[in-house]
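Subject: Structure handover

Hi,

Here is the structure for your files. My notes on the aromatic contacts follow below it.

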Amino acid sequence: MAQKIAIFNNKAGIGKTTITFNLGWMLASKGKTVILVDADPQCNLTGMALGEQTEEDEERIANIYNTNSNIKTGLAPAFESQPRAIKAVDCVQVGNQRGLYLLPGHVGLAEYEVTLGIAQEFSDSIQSLRNLPGSINDLLEKTASQFNADYILIDMSPTFGSINQNLLAISDFFMVPTIADFFSRMAIDSLVKVLPRWYAWAQRASSLKILKDAHYPFPDIRLHFLGTIIQSHHIIHGRETAVFQTWIEKIEEAVATKLIPTLKQNNLMLPERLYIEQGINGNLSLTKIANFNSLIAKSQEHRTPIYDLTPKQLGQTGVVLENNQAKQEEFKKTFSDLADKVIGLTSYAVCA
């Protein structure tokens, strides 16, 4: 059964999409079958994976959407009362990476936010809307089964809306990406307040007979925290510059003293020994990612991870090329180590 990993933070502009794309590609390169799910109505992951640089790219994307292969049309049977059942989405292979697929996003996914929110209030409307809370899980499970996926990576929007509440509740694991700044530090405080409420809601949803007996049953709760990712910091002579180091320390302190205790109280942590065995420290920082600089633009242009860009794709020569190739090797090691930790934690958790 595929492991669903939600990549979430309520703060925008922290590189969730870049992390999802690069991590998914790395997991696939290690022999895993991975489905990238674009659950953000901004559709940045879809644009990165499929390309939107030229008219030819846009025409290809339009053709894909005309086949109804996206998250909104996949959920339409439940949300639009269509006379058919939800079925697996025909995902799109990403680039030339074997075992990596995209479940495209849709701007109109946001249209389902209000209806799902009403259903998840468990009010008098729950009888007529009982199929909605479990519908997203049903879509992902059926799609994962069709592709025999090992992992589903879910790129979520930066909101505390009902769709994100649902996505986190049906996931097996989640990680929190951040950047080294004041607002990411604030976002940790928000997570500390909201996640316990979401977990309490998920526990109630999974215990309600009306949702268990629905056409799309709401699953049991299996959610656990993998850790944080801190990125967009600058390195000089092998060390973070002072301003970034200050915010890195503040974020790690907030995670260690506020977020982790809250998650422990709500049974959202894995056993401590599993983190230790993967070399993850007490503040559960999975990795730190340096600033992508100009490489991110090339990655988006060629729909290729930063670490796999060829010299031809970089379009550079001499010292500039050598410097960027050195950075690529750093990023490759970073994402390889991150993928190994994800595989280790999720494998141990399944066996535990």
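The structure holds 12 aromatic pairs (rings of Phe, Tyr and Trp, its six-membered ring, with centres within 6.5 Å; planes under 30 degrees apart are stacked, over 60 edge-to-face, the rest tilted). This is a predicted model: local features need pLDDT of at least 70, side-chain atom pairs count only at pLDDT 80 or more, and totals for chains, interfaces and linings use all residues. Residues are numbered from 1 along each chain as its sequence is written, and side-chain values use heavy atoms, without hydrogens and water.

One of the pairs is Phe160 with Trp198: centres 5.7 Å apart, planes at 85 degrees, so edge-to-face. Phe160 sits in the loop between strand E5 (151–155) and helix H7 (162–170), and Trp198 in helix H8 (residues 182–207), so the pair ties together parts 38 residues apart in sequence (helices, H or I, of at least four residues and strands, E, of at least two are DSSP runs, numbered from the N terminus). Phe160 is partly exposed at 33% relative accessible area. Trp198 is buried at 9% (buried is under 20%, exposed over 50%, partly exposed in between; 1.4 Å probe, protein chains only). Ring pairs also join Phe8, Phe160 and Trp198 into a cluster.

Trp201 is buried too, at 9%. The rings of Trp201 and Phe218 have centres 5.5 Å apart and planes at 85 degrees, so this pair is edge-to-face. Trp201 is in helix H8, while Phe218 is in the loop between helix H9 (209–212) and strand E7 (224–233), 17 residues apart. Phe218 is buried at 1%.

Best wishes
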